[in-house]
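Have the structure open and follow along.

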Amino acid sequence: MKKVSFAEFGGPDVLHLVDAEEPHAGPGRIRVAVRAAGVNPVDWRIREGQVLKAHPIELPSGVGLDAAGVVDEVGEGVDGVEVGDHVFGEGSSTYAEFAVLSAWARMPEGLTFEEAAGYPSVVETALRLVREVGVRSGQTLLVSGASGGVGSAVLQIARDRGITVIGTAGAANQDYLRGLGALATTYGEGWVTRVRELGRVDAALDLAGSGVIRELVELTGDPRKVVSIADLTAPELGVRFSGAAGSVPEALAEAVDLISRGRLHIPVEKAYTLAEAAVAHIDSQAGHTRGRRVIVV
Ligand SMILES: NC(=O)c1ccc[n+]([C@@H]2O[C@H](COP(=O)([O-])OP(=O)(O)OC[C@H]3O[C@@H](n4cnc5c(N)ncnc54)[C@H](OP(=O)(O)O)[C@@H]3O)[C@@H](O)[C@H]2O)c1
C-alpha cells in the first residue's frame, strides 16, 4: 500500500510517499481502508520531533492520527462494528491507504469521509478544554484563536451548553465566528479593550499560543479560570497547560450526538492528496486554518 512516511525529524521535505506493508488489526483494534485523514498541528509537531514525550515514535514513522474510512478488518475482542461500516476515529499512520484505529465510532448520516476525518482530535480537545476550564451555562468564555479546528469545536459545544463565547480571530474570520454563534473581535493591538467592550469574561482558553496568558488572567481575574493548549509557559503564571488527551471513544460518541442534532459542523478548509502531504503541513503550519485540512485517499 501507499503511505506517507518520514525517516528523520525535520521540515515538510522529510515526508515521502512510500510503498509499505499493510498494517493489521490486533486485539481491540480495527483496520480501515482510509478515505480521508485529518491534518492536525500535532502531526507536524511530531514530524519536527517537538512532542516526543507525549508521542514517542520510532523512525521511520508514518504520519497522522485521525481518519475516516471503511472497516475492512476487525481485531479479536472487538464488538459492535463490522467489515463495511463507515467509521471515523483515531489511530496511527493514517496518511495511508490502510490504517489501524484504536478508537472509532460509526459516522453519522450525511457526513462525508472528508468532513468526518476532521473531527476526532479537535472534538476530544474541545470537550476536554470546556470541562477543565469549568465554564457553565449562562457564563461567558473567551476563546483566543477561535477560528481553527479546536476553536470551531469549542464555539459550537459552548453554544450547545448555553455558554456565551467571545472569540478572537483574524479579520477574514469575524463573520465565520459570528456564524458559529460567538461574539467576535480581532486579535492584535487593542484586543483586550475590544474584548472588554463585548462583555465580562468568566473563563478563557488560549488556543493560539500567541503570548496572551497574562492578558487572559487579567480579563478573568483568576489564573484558575484560564487553560492553554498551546503555550508551554502558561504554568509560570499559574495557568493550566492541558496536554493529556481524555477519552476518545466518549468524545466520538458526543461528536456523533452533536452532529446528528445539527449542532456541530467543522468545515474542511482544503483537501489534499497523499502525495501533497508536505503541502498540507506547510499550509497548516502557516497557522490560519479555518476548521480542518484533510488528506483524501
Ligand atoms: N495540548 C493539546 O492537547 C493540544 C490539542 C490540540 C491542539 N493543540 C495545539 O493547539 C493549537 C491550535 O490547534 P488547532 O488545531 O485549532 O490549530 P489550527 O486549526 O491550525 O488553528 C489555528 C488558529 O489560530 C489562529 N491564530 C493565528 N494567529 C493568532 C493570533 N496571534 N491570535 C489569535 N489567534 C491566532 C488562526 O486564526 P486566523 O486564521 O483567524 O488568524 C487559526 O484559526 C495548535 O498549536 C496545536 O498544536 C494542542
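Thr289 counts as buried because its relative accessibility is 10%, where buried means under 20% relative accessible area, exposed over 50% and partly exposed in between (1.4 Å probe, protein chains only). This is a predicted model, so local features need pLDDT of at least 70 and side-chain atom pairs count only at pLDDT 80 or more, while totals for chains, interfaces and linings use all residues. Residues are numbered from 1 along each chain as its sequence is written, and side-chain values use heavy atoms, with hydrogens and water left out.

Thr289 sits in the loop between α9 (277-285) and β15 (292-296); helices (H or I, at least four residues) and strands (E, at least two) are DSSP runs, numbered from the N terminus. Leaving aside residues up to four places away in sequence, Thr289 touches Ser147, Gly148, Glu269, Asp283 and Ser284, with contact meaning heavy atoms within 4.5 Å.

Now for the ligand. It has 25 residues around it, the closest being Arg45, Ser147, Tyr187, His288 and Arg292; a residue is near if one of its heavy atoms lies within 4 Å of the molecule. By class, that shell has eight nonpolar, 14 polar and three charged residues. Here Ala, Val, Leu, Ile, Met, Phe, Trp, Tyr, Cys and Pro are nonpolar, Asp, Glu, Lys and Arg are charged, and the others, Gly among them, are polar.

| Pair | Distance |
|---|---|
| Thr289 side chain, Arg293 side chain | 2.8 Å |
| His281 side chain, Arg47 side chain | 2.9 Å |
| Arg45 side-chain N or O, ligand oxygen | 2.7 Å |
| Gly149 backbone N or O, ligand oxygen | 2.9 Å |
| Thr289 backbone N or O, ligand oxygen | 3.0 Å |

Taken alone the ligand exposes 930 Å², and the protein buries 84% of that (Shrake-Rupley method, 1.4 Å probe). Elements giving two or more residues to the shell are α1 (41-47), α3 (120-133) and α4 (149-160).

What about His281, buried or exposed? His281 is in helix α9 and counts as buried because its relative accessibility is 0%. Its contacts, not counting residues up to four places away in sequence, are Leu15, Val39, Asp43, Trp44, Arg47, Val63 and Tyr95.

Terms used:
A polar contact is a pair of N or O atoms within 3.5 Å; within protein, one must be able to donate a hydrogen and the other to accept it, and residues adjacent in sequence count only if both atoms are side-chain atoms.
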